[in-house]
Amino acid sequence: MNRAAGGRKDEPRPCVRSGADRLAAGLGHPLLDGRRLGLVTNPTGITADFRSTASVCAELPSSRLTTLFACEHGIRGQHQAGVRFEDERDERFGIPVYSLYGRHTRPQSYMLDEVDTVVFDVQDLGIRFYTYLSTLLYVMEACAANGKSLLVLDRPNPLGGLVCEGGLLKRGYESMVGAWMMPIRTGMTIGELALMANDKKGLGCDLGVIPMERWERRMEYSDTGLPWMLPSPNMPDIGTVRVYGGTCFFEGTNLSEGRGTTRPFEWIGAPWLDGEAFAEAVNRHELPGVYAHPVYMTPSFSKHQGKLCGGVRMFVTDPDRFQSALTGLVLLHEAQSLYPEHFEWLAPPKAGSQHFIDLLTGGDEVRSSIGMKEGLKRIAADWLQDSEEWKEMRRPYLLYS
């Protein structure tokens, strides 16, 4: 199987064709013909031969690109996590770029005045709290409310489409890091998820999907032959994606999740953490497919900037057996158990709002129960049951075998 990401002319061509590749190759669609197009995209919206989806849409003979929409990190991927930004104008195409991560997180009616069909082409991770999934759902709602169509250009789930992990998000905990009842790891492509949400949520969106060719559920991104573009500044490669579904929990704590180091999300740490002792405690759980190794780092930005931190780097030794959400639970459990005088959940930003850890994990059970052995076991069992339920729920919407 070709694991190259393009390059030399004598290398095999990519074995998978994304929705954007098929559009660029001339595949038509009724939602495009004679339509004014708005495009939700970022640097991941490229073809196998490195053409931007914006260029592809601008050159369609029967359509006109009128509007761009930018999700978190910006239209050029230039913003760090959580940085809000304003509307701008794209000088190359001479059209507005509306921010969906500023004053508004979903398209407003005036943003759709010059649009008939919104095209969505963003590389997702298949993980609930990666905000691109929330943006997709918000765009679907806006299209339905304003009588606009939506066309999703499908892309691979970087971790494949076989495994689902983590508990279903509970009602009342919807946010930008979890807009629907998905588990932490969906096991679906972004096109499949759009079909499922449109039906299950009863959105009534006039929805189309241009599916991929030759993608199989067993494939990780490195199996596709497609070029990997960073979906965000702290997601450099597939190794980061693998652990993100568990180590992202630490965004809701006072430990560093690795931002500002060369191993974001693969490393967690704090100035008061003993890397050797922590690694030993985590490894006693004999988690499948992963090993915790003590590593000391000094983050250059974000939490504990400029301070030497003890920590652990998570080495995934067997991707097929590794369970990111379970691993994240164990890491939280041991951090709270070993360092109760130092470990903290980040406080809600304002009175009456929710803890960020609750939004990430989809409820308050982790915050209230982790650190106790029985709490860890109960949450892990509940999450396993939820993920099995999700597998059955998603079955009618799967486009690939």
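Colleague: Let us start with histidine 355. Where does it lie?
Modeller: Please bear in mind that this is a predicted model. Histidine 355 sits in the loop that runs between helix H7 (324–338) and helix H8 (356–361).

Colleague: And which residues is histidine 355 in contact with, leaving aside its neighbours within four places in sequence?
Modeller: Its contacts are Trp345, Leu346, Ala347, Pro348 and Arg367. Tryptophan 345 is ten residues apart from histidine 355 along the chain, and the C-alpha atoms of the two are separated by 7.7 Å.

Colleague: Now the whole protein chain. How many helices and strands does it have?
Modeller: The protein chain has ten helices and ten strands.

Colleague: What is its radius of gyration, and what would a compact globule have?
Modeller: The protein chain has a radius of gyration of 21 Å. A compact globule with 401 residues would have a value near 21 Å, so the two agree. Taken along the principal axes, the box filled by the C-alpha atoms is roughly 65 × 55 × 45 Å.

Colleague: What share of the residues is buried?
Modeller: Buried residues account for 59% of the 401 in the protein chain.

Colleague: On to the strands. Which strand does E1 pair with?
Modeller: Strand E1 (residues 36–41) pairs with E2 in the parallel sense, over five bridges. Within this pair, arginine 36 stands opposite arginine 64 in E2.

Colleague: Why is strand E2 described as largely enclosed?
Modeller: Strand E2 covers residues 64–70, and six of its seven residues are buried, so the rest of the structure largely encloses it.

Colleague: And E6, is it buried or exposed?
Modeller: In strand E6 (residues 149–153), five of the five residues are buried, so this strand too is largely enclosed by the rest of the structure. Ser149, Leu151 and Leu153 point one way from E6, while Leu150 and Val152 point the other way, and all are buried.

Colleague: Which strand pairs with E6?
Modeller: Strand E5 (residues 117–121) does, in the parallel sense and over four bridges.

Colleague: A change of topic: threonine 53. Where is it, and what does it touch?
Modeller: Threonine 53 belongs to helix H2 (residues 53–58). Its relative accessible area is 1%, under the 20% limit, so it counts as buried. Not counting residues up to four places away in sequence, threonine 53 touches Ala20, Leu39, Thr41, Gly45, Ile46, Asp121, Leu153 and Arg155.

Colleague: Last topic. What can you say about phi in histidine 73?
Modeller: Most residues other than glycine have a negative phi. Histidine 73 is not a glycine, yet its phi is positive, at about 85°. This residue is found in the loop between E2 and strand E3 (88–90). Histidine 73 has 5% relative accessibility and therefore counts as buried.

Colleague: And what is phi of histidine 304?
Modeller: Phi of histidine 304 is near 60°, again a positive value in a residue other than glycine. Histidine 304 has its place in the loop between strand E9 (290–294) and strand E10 (310–316).

Methods: Residues are numbered from 1 along each chain as its sequence is written. This is a predicted model: local features need pLDDT of at least 70, side-chain atom pairs count only at pLDDT 80 or more; totals for chains, interfaces and linings use all residues. Side-chain values use heavy atoms; hydrogens and water are left out. Helices (H or I, at least four residues) and strands (E, at least two) are DSSP runs, numbered from the N terminus. The radius of gyration is taken over C-alpha atoms; the globule rule is 2.2 Å times the number of residues to the power 0.38. Buried means under 20% relative accessible area, exposed over 50%, partly exposed in between (1.4 Å probe, protein chains only). Contact means heavy atoms within 4.5 Å. Two strands pair if DSSP finds at least two bridges between them.
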